[in-house]
Amino acid sequence: MLGTGGTIAGTTSDAGENLGYRAGEIGVAGLVSAVAPLARFALEAEQVAQIDSKDMSHAVWRELVLRCAHHLARPEVAGIVVTHGTDTLEETAWFLQRALAPLKPLVLTAAMRPANALQADGPQNLLDAVTVACTAGARGVLVVMAGAVHGAADVRKLHSYRIDAFGSGEAGPVAVIEEGRLRCFRAWPNDAALLPWAALEVDAAAWPRVEIVFSHAGVGPALVEALVAQGVRGLVVAATGNGSVHVQLDVALQAAQRAGVRVLRSTRCAFGAVVDNDPQAWPSAGALTPVKARIELMLELMRLA
Ligand code: SIN
């Protein structure tokens with residue numbers, strides 16, 4: 001079990017009102033020891049970070065991917081659980097899937113309520129995550145929250161407050177966990193790795209800079225021009241509808257491309273993909289959200305380096 005922080009490890013000074021909330025206060029070993037049914041599993045706990053996941057950085061991702069790669073390679077390890085904050089959980093999940101494409105289950109879990117809240121959801125999520133990590137035949141990067149098992153490509157935080165905050169959109173969850181048993185609906189994630197994970201060993205400060213720009217009413221070229229001037233290597237455009245881009249932004253993106261910047265198009269819609277039917281249009285990120293498309297482009301640029 002690898003700990004990175006989040007509300008699952010968070011505390012509040014008032015369990016009723018969630019006042020004085022602080023993410024990542026409790027170490028991962030403390031989280032494990034607080035869940036009695038976990039005693040029947042052979043678990044090792046390792047702290048990778050202790051942060052609020054809104055502050056997730058490439059440096060933490062680098063450390064996490066190296067530790068995951070290390071433990072996945074150990075024959076005695078059946079699977080890995082990573083405790084994480086909910087706010088960037090889907091980004092870390094997609095990053096790990098595209099970096100490692102693990103043949104064992106690599107399960108991320110989190111909580112919407114701090115560990116000492118009246119309605120703490122972390123303990124059950126942790127137990128469910130360990131159950132999935134020990135499931136024979138399970139593979140890929142998975143997210144376990146509120147009794148559902150989501151695949152890294154589809155999972156998304158959909159609600160800012162509700163305990164059942166995550167969904168997989170039209171694809172639906174991979175499985176549900178009921179009374180410690182899995183009921184599977186579809187295949188485990190098997191999206192390929194985009195590059196050998198060892199390429200991520202370089203200092204995270206050297207990873208290519210990829211930013212997201214939104215196509216919205218009134219958008220102009222200024223943001224793209226400033227990013228190009230700063231040496232950005234890739235731009236993900238969060239486009240409207242089925243991937244349409246405001247003409248002002250499009251002109252700026254074309255200039256960026258001429259300056260050597262790679263452009264990838266995703267949609268800002270909550271559901272659906274950029275259905276690519278125009279060979280002249282910017283390349284499509286398919287159904288990946290803008291934040292996942294950013295990871296895709298960053299890893300692709302590293303692969304090409
Ligand atoms: C975080 O993302 O670290 C804080 C919020 C949460 O875990 O729900």
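The dialogue below takes up the ligand site, the aromatic residues and one threonine.

Tutor: This is a predicted model, in which local features need pLDDT of at least 70, side-chain atom pairs count only at pLDDT 80 or more, and totals for chains, interfaces and linings use all residues. Residues are numbered from 1 along each chain as its sequence is written, and side-chain values use heavy atoms, with hydrogens and water left out.

Student: Which residues surround the ligand?

Tutor: A residue is near a molecule if one of its heavy atoms lies within 4 Å of it. Here the ligand is surrounded by G6, T7, Y21, D52, S53, G85, T86, D87 and A111.

Student: How is that shell divided by class?

Tutor: Ala, Val, Leu, Ile, Met, Phe, Trp, Tyr, Cys and Pro count as nonpolar, Asp, Glu, Lys and Arg as charged, and the others, Gly among them, as polar. The shell has 2 nonpolar, 5 polar and 2 charged residues.

Student: Where do polar atoms of the protein lie relative to oxygen atoms of the ligand?

Tutor: A polar contact is a pair of N or O atoms within 3.5 Å; within protein, one must be able to donate a hydrogen and the other to accept it, and residues adjacent in sequence count only if both atoms are side-chain atoms. D52 places a polar side-chain atom 3.2 Å from a ligand oxygen. D87 has a polar backbone atom 3.0 Å from an oxygen atom of the ligand, and for A111 a backbone N or O atom lies 3.3 Å from a ligand oxygen. Of the 250 Å² of accessible area that the ligand has on its own, the protein covers 93% (Shrake-Rupley method, 1.4 Å probe; for residues, only the protein chains shown count as cover).

Student: How many aromatic pairs does a search of the whole structure find?

Tutor: Rings of Phe, Tyr and Trp (its six-membered ring) pair if their centres lie within 6.5 Å; planes under 30 degrees apart count as stacked, over 60 as edge-to-face and the rest as tilted. The search finds 2 aromatic pairs. W61 and F95 are stacked, because their ring centres are 4.6 Å apart and their planes are at 10°. W61, F95 and W207 form one aromatic cluster.

Student: Is T109 buried or exposed?

Tutor: Buried means under 20% relative accessible area, exposed over 50%, and partly exposed in between (1.4 Å probe, protein chains only). T109 counts as buried, at 0% relative accessibility. A polar side-chain atom of T109 lies 2.7 Å from the backbone oxygen of V144.
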